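Here's a quick briefing to read with the model open next to you. Have a look at the fold first, then work through the points below.

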Amino acid sequence: MNTTQQYDYIIAGAGCAGLSLAVHIIQSGKLADKKILLIDKSEKKQNDRTWCFWETQPGLFESIIYRRWNNAWFHSNSFSRKLELAPYEYKLVRGIDFYEYCFDIIRQQPNVDIVFDDILSIETKQHSAVLQTSACQFEATYIFNSILFEKPVVKKNEFYLLQHFKGWVIETKQPVFDITAPVLMDFQVDQQHGTTFVYVMPFSATQALVEYTLFTKDLLQPMQYEEGLKKYIRQVLNIQSYTIIEEEFGIIPMTNYKFPKSDGQIVSIGTAGGQTKPSSGYTFRFIQKHSQAIVHQLIKGDDPLPAGNKKRFHFYDSTLLHILQHDQLPGATIFTDLFQKNKPQQVLRFLDNESSIQDEVKIISSLPTWPFLKAAIRQF
């Protein structure tokens, strides 16, 4: 017979969203009287992913930034430029560093328990929510859930693309990488599958993460990612001899589906809470802003449901997804126009949903008018 354990807050999922929220709660210093459970099916022991983002100020995870840059390259077949990013810094965090840092903080808290078990279900009640595992039942005032139990069913004018990528950390005997600037996007690769680019994050002159990335409806066969990486390393980077040190693979949904912010006492976080930028897949910074807003609400004693992003950004994302979904314009053309015709700071603010109307008018006017106008009309 299952027993029920009581908590104030349960955080379901110990990925980026769950761990970020736990650390934000702890670092606030104002919720130490709350009993918290962090639960996931397994421990995070692998360097399974890398997060890249940009900031103008030091963030909560500043101490584990693995590499940072003030410049970044953009390449396409028609345009190349080394972008000066100031006042932004482009930052990289390794998954294993993030996991170890977060769990080290969490394990020191007497009010936080950690459980590793399969989560079978999460249900809301009138004034609480219940999480069921194979071994136990847990109940809390709020459950913060980052787990997508099933793919959402999209409706008319909703799209569901995938950002999927495979990355290798490679090492060379001779210095070949520009340590002063990563490659933010390089579209000098075949586009036969759809929007495809590579980014390169140099760790040193002889070591870098090279990531082959696509925005498409369907995944590739495993060998196709490796072929794309090999071809780029050989033909674009002009590297003939190297050693693969690490590998990573990931899939991020790119969708304008409006994920429910909550279901009674269940609050959605991370991708499940709509914190992945639909048109780019960027997630890390959105999760941090969302976590901070949730903690602010909890401290005030209010429902932990921060205001959503401005509706106009959802409209912009939907318009771009419409174009990509229907192959109305190559993604390489769109991103080339963005970075060629606008200041990089304007583009970064736009991708962070922090741009001004003035920024947005400039950016929209720099893109091909007719395809975007047709797609925008469809979104109305």
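A search of the whole structure turns up 20 salt bridges, where a salt bridge is a side-chain nitrogen of Lys or Arg within 4 Å of a carboxyl oxygen of Asp or Glu. Keep in mind that this is a predicted model, in which local features need pLDDT of at least 70, side-chain atom pairs count only at pLDDT 80 or more, and totals for chains, interfaces and linings use all residues. Residues are numbered from 1 along each chain as its sequence is written, and side-chain values use heavy atoms, with hydrogens and water left out.

- Side chains of opposite charge can pair when their charged atoms come close.
- Glu89 and Arg68 meet through their side chains in a salt bridge (3.0 Å, N to O). This pair links distant parts of the chain, with Glu89 in strand S7 and Arg68 in strand S4, 21 residues apart. Strands (E, at least two residues) and helices (H or I, at least four) are DSSP runs, numbered from the N terminus.
- Glu89 is partly exposed, with a relative accessible area of 22%, and Arg68 is partly exposed too, at 34%. For these labels, buried means under 20% relative accessible area, exposed means over 50%, and partly exposed is in between (1.4 Å probe, protein chains only).
- Lys231 and Asp190 form a salt bridge at 2.8 Å, N to O. Lys231 sits in helix H3 (residues 222-235) and Asp190 in the loop between strand S13 (183-186) and strand S14 (195-204), so the pair ties together parts that are 41 residues apart in sequence.
- Lys231 counts as partly exposed at 32% relative accessibility, and Asp190 counts as partly exposed at 38%.
- Asp302 and Lys300 also meet in a salt bridge, at 3.5 Å, N to O.
- Salt bridges that share partners join Glu55, Glu62, Arg68, Glu89 and Lys91 into one network.

**A three-stranded sheet**

- Three strands make an open sheet in the order S3-S7-S4, with antiparallel pairing; two strands pair if DSSP finds at least two bridges between them.
- Strand S3 (50-55) and strand S4 (67-69) are at the edges with a single partner strand each, so one side of each has no neighbour in the sheet.
- On average, neighbouring strands of this sheet are turned by 20° against each other, direction ignored.
- S3 pairs with strand S7 (residues 89-94) in the antiparallel sense over six bridges, and Trp54 has Tyr90 in S7 as its bridge partner.
- Helix H2 (residues 95-107) packs on the sheet, touching S3 and S7, and its direction makes about 75° with that of S7. Axes are lines fitted to C-alpha atoms, for helices over the stretch in contact, and angles run from 0 to 180 degrees between N-to-C directions.

**Helix H7**

- Is helix H7 (residues 344-351) largely enclosed or open? Seven of its eight residues are buried, so H7 is largely enclosed by the rest of the structure.- The buried residues of H7 include Pro344, Val347, Leu348 and Phe350.
- Those buried residues pack against S3, strand S6 (80-84), helix H4 (284-300), helix H5 (311-325), helix H6 (331-341) and helix H8 (357-365), with contact meaning heavy atoms within 4.5 Å.
- Just after H7, Asn353 takes a positive phi of about 60°.
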